[in-house]
Amino acid sequence: MQRTDFDGILSIAGGTYEHLSISGVCNCSGNLAAQIVDIDGILNCDKNLETGKFDCDGIANIKGNVRADLIDVDGYMNIGRKSRSAKLEASEIRCRGIITCLGTGEINADLIDAEGYINATEIVGEKVIIKSQTSILMKWLANKWSKVDTIEATTIELSEVTAKVVNGHDITVGENCVIDKLDCSGRLIIHPTATIKEITGDHIRITT
(Lines give C-alpha, C1' and ligand atoms only; values in the text may rest on other atoms or scores of the structure.)
Protein backbone atom coordinates (compact mmCIF):
# COMPACT_ATOMS: atom_id res chain seq x y z
CA MET A 1 0.00 0.00 0.00
CA GLN A 2 1.42 3.35 -1.03
CA ARG A 3 1.84 5.82 1.82
CA THR A 4 1.57 9.58 1.35
CA ASP A 5 3.11 11.70 4.09
CA PHE A 6 2.16 15.32 4.78
CA ASP A 7 4.57 16.72 7.37
CA GLY A 8 4.63 20.41 6.54
CA ILE A 9 1.96 23.08 6.16
CA LEU A 10 0.03 22.68 2.94
CA SER A 11 -3.34 23.01 1.24
CA ILE A 12 -4.91 20.40 -1.04
CA ALA A 13 -8.10 20.32 -3.12
CA GLY A 14 -9.03 16.81 -1.90
CA GLY A 15 -8.40 13.50 -3.62
CA THR A 16 -8.08 9.74 -3.17
CA TYR A 17 -5.17 8.07 -1.40
CA GLU A 18 -4.20 4.61 -0.17
CA HIS A 19 -2.49 5.42 3.16
CA LEU A 20 -2.55 9.10 4.12
CA SER A 21 -0.35 10.17 7.04
CA ILE A 22 -0.52 13.74 8.40
CA SER A 23 2.06 14.93 10.92
CA GLY A 24 1.98 18.60 9.94
CA VAL A 25 -0.96 20.85 9.07
CA CYS A 26 -3.15 19.89 6.10
CA ASN A 27 -6.00 22.11 4.87
CA CYS A 28 -8.32 20.27 2.47
CA SER A 29 -11.00 22.19 0.53
CA GLY A 30 -12.69 19.17 -1.12
CA ASN A 31 -13.74 15.59 -0.47
CA LEU A 32 -11.07 13.29 0.92
CA ALA A 33 -10.90 9.48 0.56
CA ALA A 34 -8.28 6.97 1.70
CA GLN A 35 -8.01 3.37 2.84
CA ILE A 36 -6.11 4.50 5.95
CA VAL A 37 -5.84 7.97 7.49
CA ASP A 38 -3.33 8.59 10.31
CA ILE A 39 -3.32 12.00 11.97
CA ASP A 40 -0.57 13.06 14.35
CA GLY A 41 -0.80 16.70 13.31
CA ILE A 42 -3.82 18.75 12.19
CA LEU A 43 -6.34 18.05 9.43
CA ASN A 44 -8.89 20.69 8.41
CA CYS A 45 -11.32 19.33 5.79
CA ASP A 46 -14.14 21.49 4.40
CA LYS A 47 -16.07 18.62 2.81
CA ASN A 48 -16.59 14.86 3.35
CA LEU A 49 -14.16 12.17 4.51
CA GLU A 50 -14.43 8.49 3.59
CA THR A 51 -11.92 5.91 4.83
CA GLY A 52 -11.47 2.35 5.98
CA LYS A 53 -9.47 3.15 9.12
CA PHE A 54 -9.24 6.58 10.72
CA ASP A 55 -6.64 6.95 13.49
CA CYS A 56 -6.48 10.38 15.11
CA ASP A 57 -3.82 11.17 17.71
CA GLY A 58 -3.81 14.83 16.74
CA ILE A 59 -6.62 17.21 15.71
CA ALA A 60 -9.20 16.63 12.96
CA ASN A 61 -11.80 19.20 11.95
CA ILE A 62 -14.18 17.74 9.34
CA LYS A 63 -17.00 20.06 8.26
CA GLY A 64 -18.81 17.44 6.15
CA ASN A 65 -19.86 13.83 6.69
CA VAL A 66 -17.45 11.13 7.87
CA ARG A 67 -17.78 7.46 6.88
CA ALA A 68 -15.34 4.76 8.03
CA ASP A 69 -15.04 1.13 9.07
CA LEU A 70 -12.99 1.91 12.19
CA ILE A 71 -12.51 5.24 13.94
CA ASP A 72 -9.92 5.41 16.72
CA VAL A 73 -9.54 8.78 18.44
CA ASP A 74 -6.93 9.52 21.10
CA GLY A 75 -6.78 13.18 20.19
CA TYR A 76 -9.55 15.58 19.17
CA MET A 77 -12.07 15.06 16.36
CA ASN A 78 -14.75 17.58 15.42
CA ILE A 79 -17.45 16.86 12.82
CA GLY A 80 -19.81 19.34 11.19
CA ARG A 81 -20.46 23.00 11.87
CA LYS A 82 -23.10 24.83 13.87
CA SER A 83 -24.91 26.11 10.78
CA ARG A 84 -25.65 22.68 9.27
CA SER A 85 -25.87 18.99 10.14
CA ALA A 86 -23.21 16.38 9.53
CA LYS A 87 -23.10 12.65 10.18
CA LEU A 88 -20.41 10.34 11.53
CA GLU A 89 -20.95 6.74 10.39
CA ALA A 90 -18.73 3.77 11.22
CA SER A 91 -18.82 0.09 12.04
CA GLU A 92 -16.76 0.73 15.19
CA ILE A 93 -15.79 3.88 17.07
CA ARG A 94 -13.21 3.87 19.86
CA CYS A 95 -12.52 7.11 21.70
CA ARG A 96 -10.01 7.85 24.44
CA GLY A 97 -9.87 11.50 23.46
CA ILE A 98 -12.67 13.89 22.47
CA ILE A 99 -15.28 13.65 19.71
CA THR A 100 -17.70 16.50 19.05
CA CYS A 101 -20.49 16.50 16.46
CA LEU A 102 -21.82 20.02 15.99
CA GLY A 103 -25.20 21.24 14.77
CA THR A 104 -27.90 18.58 14.42
CA GLY A 105 -25.41 15.88 13.52
CA GLU A 106 -25.71 12.18 14.29
CA ILE A 107 -23.12 9.59 15.33
CA ASN A 108 -24.09 6.12 14.07
CA ALA A 109 -22.06 2.93 14.66
CA ASP A 110 -22.56 -0.72 15.57
CA LEU A 111 -20.12 -0.33 18.48
CA ILE A 112 -19.20 2.89 20.26
CA ASP A 113 -16.67 2.43 23.06
CA ALA A 114 -15.58 5.72 24.62
CA GLU A 115 -13.37 6.13 27.65
CA GLY A 116 -12.94 9.75 26.65
CA TYR A 117 -15.60 12.35 25.90
CA ILE A 118 -18.35 12.66 23.31
CA ASN A 119 -20.48 15.73 22.74
CA ALA A 120 -23.23 15.17 20.16
CA THR A 121 -26.86 15.76 19.35
CA GLU A 122 -27.70 12.10 18.71
CA ILE A 123 -25.97 8.73 19.04
CA VAL A 124 -27.45 5.58 17.48
CA GLY A 125 -25.85 2.14 17.69
CA GLU A 126 -26.09 -1.51 18.63
CA LYS A 127 -23.83 -1.15 21.69
CA VAL A 128 -22.92 2.22 23.18
CA ILE A 129 -20.41 2.54 26.02
CA ILE A 130 -19.46 6.01 27.23
CA LYS A 131 -17.38 6.22 30.40
CA SER A 132 -15.87 9.67 30.72
CA GLN A 133 -12.71 8.69 32.56
CA THR A 134 -9.49 10.36 31.52
CA SER A 135 -6.96 13.04 32.56
CA ILE A 136 -7.72 16.34 34.27
CA LEU A 137 -6.66 18.18 31.09
CA MET A 138 -9.10 16.20 28.95
CA LYS A 139 -11.90 16.86 31.46
CA TRP A 140 -11.18 20.58 31.23
CA LEU A 141 -11.17 20.54 27.42
CA ALA A 142 -14.42 18.58 27.30
CA ASN A 143 -16.28 20.70 29.88
CA LYS A 144 -16.16 17.99 32.55
CA TRP A 145 -18.25 15.17 31.00
CA SER A 146 -19.93 13.83 27.87
CA LYS A 147 -23.13 15.52 26.71
CA VAL A 148 -25.57 13.88 24.29
CA ASP A 149 -29.16 14.90 23.60
CA THR A 150 -30.39 11.43 22.54
CA ILE A 151 -28.84 7.97 22.87
CA GLU A 152 -30.54 4.95 21.24
CA ALA A 153 -29.02 1.44 21.28
CA THR A 154 -29.73 -2.15 22.26
CA THR A 155 -27.07 -2.13 25.00
CA ILE A 156 -26.05 1.08 26.76
CA GLU A 157 -23.44 1.66 29.49
CA LEU A 158 -22.89 5.21 30.72
CA SER A 159 -20.74 6.96 33.31
CA GLU A 160 -20.44 10.74 33.82
CA VAL A 161 -22.80 11.46 30.93
CA THR A 162 -25.48 14.14 30.65
CA ALA A 163 -28.35 13.22 28.29
CA LYS A 164 -31.90 14.33 27.55
CA VAL A 165 -33.22 10.98 26.27
CA VAL A 166 -31.78 7.45 26.65
CA ASN A 167 -33.62 4.59 24.93
CA GLY A 168 -32.46 0.96 24.95
CA HIS A 169 -32.97 -2.65 26.01
CA ASP A 170 -30.22 -3.31 28.58
CA ILE A 171 -29.07 -0.08 30.23
CA THR A 172 -26.46 0.56 32.91
CA VAL A 173 -26.39 4.10 34.27
CA GLY A 174 -23.17 4.68 36.17
CA GLU A 175 -21.69 7.37 38.37
CA ASN A 176 -22.68 11.03 38.08
CA CYS A 177 -24.99 10.61 35.08
CA VAL A 178 -27.79 13.14 34.63
CA ILE A 179 -30.64 11.98 32.37
CA ASP A 180 -33.98 13.68 31.75
CA LYS A 181 -35.89 10.68 30.37
CA LEU A 182 -34.90 6.99 30.22
CA ASP A 183 -36.88 4.25 28.45
CA CYS A 184 -35.73 0.66 29.06
CA SER A 185 -37.29 -2.61 27.86
CA GLY A 186 -34.81 -5.04 29.47
CA ARG A 187 -32.35 -4.96 32.38
CA LEU A 188 -31.81 -1.63 34.14
CA ILE A 189 -29.00 -0.84 36.59
CA ILE A 190 -28.69 2.63 38.15
CA HIS A 191 -25.80 3.87 40.28
CA PRO A 192 -26.83 5.74 43.48
CA THR A 193 -25.05 8.92 42.31
CA ALA A 194 -26.98 9.06 39.02
CA THR A 195 -29.95 11.40 38.56
CA ILE A 196 -32.85 10.35 36.30
CA LYS A 197 -35.96 12.53 36.15
CA GLU A 198 -38.29 10.06 34.38
CA ILE A 199 -38.09 6.27 33.82
CA THR A 200 -40.46 4.40 31.48
CA GLY A 201 -40.62 1.01 29.76
CA ASP A 202 -41.25 -2.61 30.74
CA HIS A 203 -37.89 -3.19 32.41
CA ILE A 204 -36.39 -5.26 35.23
CA ARG A 205 -34.58 -3.14 37.82
CA ILE A 206 -31.42 -4.82 39.12
CA THR A 207 -29.81 -3.68 42.37
CA THR A 208 -26.04 -4.01 42.67
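**Charged pairs and the core**

Tutor: Start with Arg 96, which counts as partly exposed at 34% relative accessibility. Keep in mind that this is a predicted model.

Student: Which side chain does Arg 96 meet in a salt bridge?

Tutor: Asp 74. The N to O distance is 2.7 Å.

Student: And where do Asp 74 and Arg 96 sit in the chain?

Tutor: Both are in loops: Asp 74 between β9 and β10, and Arg 96 between β11 and β12. They are 22 residues apart, so the pair links distant parts of the chain.

Student: Is Asp 74 buried, exposed or in between?

Tutor: Asp 74 is partly exposed, with a relative accessible area of 33%.

Student: Which residues are linked with them in a network?

Tutor: Asp 72, Asp 74 and Arg 96 are linked in a network of salt bridges.

Student: How many salt bridges are there in total?

Tutor: The count comes to 10. One of the salt bridges joins the side chains of Arg 67 and Glu 89, at 3.4 Å from N to O.

Student: What does the Arg 67 and Glu 89 pair tie together?

Tutor: Arg 67 lies in strand β9, residues 66–73, and Glu 89 lies in strand β11, residues 87–95. The pair therefore ties together parts that are 22 residues apart in sequence.

Student: How accessible are Arg 67 and Glu 89?

Tutor: Arg 67 has a relative accessible area of 48% and is partly exposed. Glu 89 is partly exposed too, at 27%.

Student: OK, next pair. What about Lys 197 and Asp 180?

Tutor: Their side chains meet in a salt bridge, with 3.4 Å from N to O. Lys 197 is in strand β19 and Asp 180 is in strand β17, so the pair ties together parts 17 residues apart in sequence. Lys 197 is exposed, with a relative accessible area of 65%, while Asp 180 is partly exposed at 31%.

Student: Switching topic: how many residues are in the largest nonpolar core?

Tutor: It has 58 residues. Those with the most contacts inside this core are Ile 71, Met 77, Ile 99, Ile 107 and Ile 151.

Student: Why would nonpolar side chains gather like that?

Tutor: In soluble globular proteins, nonpolar side chains tend to be buried together.

Student: And what does Ile 71 touch?

Tutor: Leaving out residues up to four places away in sequence, its contacts include Phe 54, Met 77, Leu 88 and Ile 93. Glu 92 and Arg 94 are also among the residues that Ile 71 touches.

Methods
Residues numbered from 1 in each chain as written. Predicted model: local features only at pLDDT ≥ 70, side-chain atom pairs only at ≥ 80, totals over all residues. Heavy atoms only, no water. Salt bridge = Lys/Arg side-chain N within 4 Å of Asp/Glu carboxyl O. Helix = DSSP H or I, 4+ residues; strand = E, 2+ residues; numbered from the N terminus. Buried < 20%, exposed > 50% of the residue type's maximum accessible area, 1.4 Å probe, protein only. Core = buried A, V, L, I, M, F, W, Y, C linked by side-chain atoms within 4.5 Å. Contact = heavy atoms within 4.5 Å.
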